[in-house]
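Please read it alongside the sequence and the coordinates.

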Amino acid sequence: MSHACNPVIRILGPKLYALHFTSSPALVATPEPLPTHTARFLDGRAAAADWHAELARESAHILKVAGRRPGLGVVLVGDRPDSKLYVTRKREACEKVGISERLVQLPDDCSIGDVQRVVGELCADPGIDGVLVQLPLPPDISEERVMESFDPSKDIDGFHPLNMGRMLMRGRSTGFVPATALGTLRLLAAGGVELRGASVVVVGDSNTVGTPLAALMRDAGAASVTVVHRTSYSALFADALSPRLAAARVAAAACAPRVPPGPSQAARAADVREEALEHLAGLPGITRTADVLVVAVGYPRLVRASWVKPGAAVVDVGINVEGGRVVGDVDEAGVAGVAGVMTPVPGGVGPMTIAATLHNVVASARDRLLGPREVPQVEPLGGLLRRGDLHYAFPDSRT
Ligand SMILES: Nc1nc(=O)c2c([nH]1)NC[C@@H]1CN(c3ccc(C(=O)N[C@@H](CCC(=O)O)C(=O)O)cc3)C=[N+]21
């Protein structure tokens, strides 16, 4: 009997699969091995390149009809190397697509008023269709207050409360959708991953990634969306819960970056890591229910093979630097033996985030310069995303 053909087994997963067989003595003698998979990786760089090519055609059309290119305004506060890298990536992509970009840099010690003034100026510029403030901001500047100072019609990150609010209203997401969520959905659609009817688990509850993704997965027809709140994994980051973890951090900080960690130090770090993971008792049981598992926590290689339902689609939104390499929140090598589909890091969601940002700029320019297009009455999210449309609506938009 094939595992894949038995709906009860397929739905309930490997634990009950074992129970099923132990209940029947005749079958206990010849248990089938648990299924193994070799995950298909979704190529975010290729999908982003396709998207860029589409956007370049639209941008050229806008230039021809309206006489100017779509325009993006970017505000960069301070000099975090990661933020500078992402801003550079956006600039390169803008050049490819034919978007004119205006970057305003502010020093680390600027005031919230300075940021709001620059946002106001960029939003008032008639040659600019979309504005974004690269996050995170210095801790003393309220990101919420900055978002509230945007003109919502130029908030291409979709972080203004008006755009966030619209997104949370079932089937009425007519504003801008945050880039990481939009890019993830498009990557899944390009990879043929069906969200309709899926059990979705989103690990991470951030305003920028987890919350928008959960809302959009629901709108895309997921059967259920479980959001794992940060209290479920905060132990990973809480030194108080693990004095040895704190000690290891202090030791690592004292050595780095001059002395590379020795074998005993590395062993101790691995040990401490295992200890921190023990605090996550209930989490693997939840992630194992997911047909589509999204991980956006910011902890390297958190999700391992035993956390994943065989054949699931695993989306890795994490970006962590470990030993000079960029790794995600998923143990790629291990999980690849269990998952059906995976997004790699790097080369997965990251490039799609950039393309989605530019998509929002082009869509904003199109609405502004060519007039807003009809909102289709009945269209599944995936289809609309494939057509590169900003707006979407659903038949079941009753609250
Ligand atoms: N207002 C705002 N909007 C954002 O969209 C925004 C932000 N703030 N703050 C930070 C996050 C992060 N983010 C990424 C973009 C591209 C890659 C990316 O291209 N990553 C490459 C690796 C980087 C490289 O080496 O090029 C990859 O995954 O393949 C990653 C992360 C946008 N963010």
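The model is predicted. Strand β5, residues 199-203, pairs in parallel with strand β7, and in β7 the residue bridged to Val-203 is Val-295. Strand β5 is also joined to strand β6 in parallel. Elsewhere, helices α9 and α15 approach each other with axes within 7 Å.

**Strand β5 and its neighbours**

- Of the 5 residues in β5, 4 are buried, and the strand is accordingly described as mostly covered.
- Strand β6 spans residues 224-228 and runs parallel to β5, with 5 bridges joining the two.
- Ser-199 has Ser-224 as its bridge partner in β6.
- Strand β7 covers residues 292-295; 4 bridges connect this strand to β5, again in a parallel arrangement.

**Packing of α9 and α15**

- Helix α9 comprises residues 179-190 and helix α15 residues 349-370; their axes cross at roughly 110°.
- Because angles of 65 to 115 degrees count as roughly perpendicular, α9 is roughly perpendicular to α15.
- The crossing of these two helices, α9 and α15, is right-handed.
- On the α9 side, the contact is made by Ala-179, Thr-180, Leu-182, Gly-183, Thr-184, Arg-186 and Leu-187.
- On the α15 side, the contributing residues are Val-349, Met-352, Thr-353, Ala-356, Thr-357, His-359 and Asn-360.

Technical notes:
Residues numbered from 1 in each chain as written. Predicted model: local features only at pLDDT ≥ 70, side-chain atom pairs only at ≥ 80, totals over all residues. Heavy atoms only, no water. Buried < 20%, exposed > 50% of the residue type's maximum accessible area, 1.4 Å probe, protein only. Pairing = 2+ DSSP bridges. Axes fitted to C-alpha atoms, helices over the stretch in contact; angles between N-to-C directions. Parallel < 35°, antiparallel > 145°, perpendicular 65-115°, else oblique. Left-handed = near helix turned anticlockwise from the far one by under 90°. Contact = heavy atoms within 4.5 Å.
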